[in-house]
Amino acid sequence: METSRVVRVRRHGGPEALLFEDRPVPEPGPGEVLVRLETMALNHLDLWVRGGIPGVRFPLPLVPGSDGCGTIERLGPGVLEPAEGTRVVVLPGLSCGRCRRCLAGDDNLCASYAILGETRDGTSAEHVLLPAANVAPAPPRLDDDAAAAFPLTFLTAWNMVVRKGRAAPGTRLLVHAAASGVGSAAIQIARLVGARVAATAGAPAKLDLARRLGADDAFDYGDPDWTAKARAWAGSEGIDVVVDSVGAATFAPSLRLLARGGRYVFCGATSGFELQADFRPIFFKNQEILGSTMGRRADLLRALELAADGKLVPVIDGVFPFARIGEAHERLASRRNVGKVVVRIAPRD
C-alpha cells in the first residue's frame, strides 16, 4: 500500500504537537483531485490550529495548512481538468457551490464556508485530496515556493483592499503589519488600483520592505509619534482606509486617524481579541468597521492572472525543509519574519 507522510495535530501545544505520521495515499472520489505537493506555506491559522484558541474548537486530529503548490497526480470520477500532471496552486476556501451565495459569486459568505486545514485535512502533507474547484494552474512566472505563498494572503488582502475597503485612485490607505503576508500583499494591491499607501511595521528591515513594495511612507509603531507622522502624511482629512491584522494594539489609534466616511477593515487580531473604542466618532463621522475573512474564489483567480503578468509577487521570508516544520512554525510565531514562511515538502536535487 502506497503511503504519504503528513504532519498531524492530535492535541494542542507547541511545535512538539506537530506529529509526523504515515497514512495511505487517498483515492479521489467523484469531483475530487489528488495533488502531490511540492511546497506549502504557513499562515497564522496554522499556529492557531496547533496551539488552540480559547472558545474555538478545531476537529482534532487535523492536518493543518491552507496553502500549497504541487502536481495533479490523479483525477476522481467526473473530473476532466486540470489534467493529470498539471502544476497547480491550492485554493484554500471551501464552500458548497450550490447555495444562493455561491451561485452569486459570494462563495466566502456560504453558510458552510471553511478554510482548508481548519475543518478538514490541509497541506502539511505529501499528498492532499481536494475538490476539483479548489485547484488552479500555477502561474509559470512563480516558482513552487512563490506559488505556495500566494493564495491565502493575496485572497485576504484583495477582499480587504478592493471589496471591503473599496480602494480607488487617490484613496489614502494605511496598512498595518506591512511585512506580514497579508500586509505585503495589501500594499501591492492598493498600489495596483491607484491608492496612496502608508504602512506600519516594527523593524527597519520591515519598513524598508514596505517602501520597496510601493508604500509612500512607513512608520515604526514603536515610535510614540507614529500616529502624528501618519496624520501628517494623510493630511487634514485623515486616512480613508485602514487594513489591519494586528487588532487590539492598533484598533484605537487607527480609528483616531480615520477620515469621515473612512473604513477600518480587519482580518485578524494577532495582538489580542479585546477591543475598546469610543462609539461617538464612529457614528458622528460615518465610519465603517468591517470584518473580513478570506474572499471570493473569482478574485483569487484574478489575482493569479496578475501574478502571471508579474504585477503581484509574494514576499518570502525563508524556506524550511519538511522535516523542520516545527522551526518554520517558531519562525512565524516569533514575528521576526519578513514575508511568508514556506515549507518545502518534496526534496530538491
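# Legends to close-up views of the predicted model

**View 1. The aromatic residue Phe251 and its ring partners.** Phe251 counts as buried, at 5% relative accessibility; the term buried denotes under 20% relative accessible area, exposed denotes over 50%, and partly exposed covers the values in between (1.4 Å probe, protein chains only). The model is predicted, so that local features require pLDDT of at least 70 and side-chain atom pairs count only at pLDDT 80 or more, while totals for chains, interfaces and linings use all residues. Residues are numbered from 1 along each chain as its sequence is written, and side-chain values use heavy atoms, with hydrogens and water left out. Rings of Phe, Tyr and Trp (its six-membered ring) pair if their centres lie within 6.5 Å; planes under 30 degrees apart are termed stacked, those over 60 edge-to-face and the rest tilted. The count by this rule comes to five aromatic pairs. For Phe251 and Tyr264 the ring centres are 5.1 Å apart and the planes stand at 75°, so the pair is edge-to-face. Because Phe251 lies in helix α8 (residues 248-257) and Tyr264 in strand β14 (residues 258-266), the pair ties together parts that are 13 residues apart in sequence. Helices (H or I, at least four residues) and strands (E, at least two) are DSSP runs numbered from the N terminus. Tyr264 is also buried, with a relative accessible area of 1%. Ring pairs link Phe251, Tyr264 and Phe266 into a cluster.

View 2. Contact here means heavy atoms within 4.5 Å.

**View 3. The six-stranded parallel sheet.** The sheet is open, and its strands follow the order β12-β11-β10-β13-β14-β15 with parallel pairing. Each of the edge strands, β12 (217-220) and β15 (288-291), has a single partner strand, so one side of each is left without a neighbour in the sheet. From one strand to the next, the twist averages 20°. Two strands are taken to pair if DSSP finds at least two bridges between them. Strands β10 (residues 172-175) and β11 (residues 196-201) are joined in the parallel sense by four bridges, and Val175 has Ala199 in β11 as its bridge partner. Helix α6 (residues 204-213) packs on the sheet and touches β11 and β12, its direction making about 165° with that of β12. Axes are lines fitted to C-alpha atoms, for helices over the stretch in contact, and angles run from 0 to 180 degrees between N-to-C directions.

**View 4. The crossing of helices α4 and α10.** Two packed helices are described by the angle between their axes and the distance between the axes. The axes of α4 (residues 151-164) and α10 (residues 297-308) come within 9 Å and cross at roughly 105°. The two helices are therefore roughly perpendicular to each other; angles under 35 degrees count as roughly parallel, over 145 as roughly antiparallel, 65 to 115 as roughly perpendicular and the rest as oblique. On the α4 side, Pro151, Leu155, Trp158 and Arg163 meet Asp299, Leu300, Arg302, Ala303 and Leu306 of α10. By class, this contact has six nonpolar, no polar and three charged residues, where Ala, Val, Leu, Ile, Met, Phe, Trp, Tyr, Cys and Pro count as nonpolar, Asp, Glu, Lys and Arg as charged, and the others, Gly among them, as polar. Asp299 is buried at 7% relative accessibility. Leaving aside neighbours within four places in sequence, Asp299 is in contact with Trp158 and Arg163.

**View 5. Antiparallel pairing around strand β5.** Strand β4 (residues 67-75) runs antiparallel to strand β5 (residues 87-90), and three bridges join them. The bridge partner of Cys69 in β5 is Val89. Strand β5 also pairs over three bridges, in the antiparallel sense, with strand β9 (residues 135-137); there Val88 has Pro137 as its bridge partner.

**View 6. Backbone features in loops.** Most residues other than glycine have a negative phi, and most peptide bonds are trans. The peptide bond from Leu60 to Pro61 is cis, with omega near 0°, and Pro61 lies in the loop between α1 (44-51) and β4. The bond from Glu81 to Pro82 is cis as well, with omega near -5°; Pro82 is located in the loop between β4 and β5. Ala177, in the loop between β10 and α5 (181-192), has a positive phi near 55°. Met294 likewise has a positive phi, near 55°, and is placed in the loop between β15 and α10. Met294 is buried, its relative accessible area being 3%.
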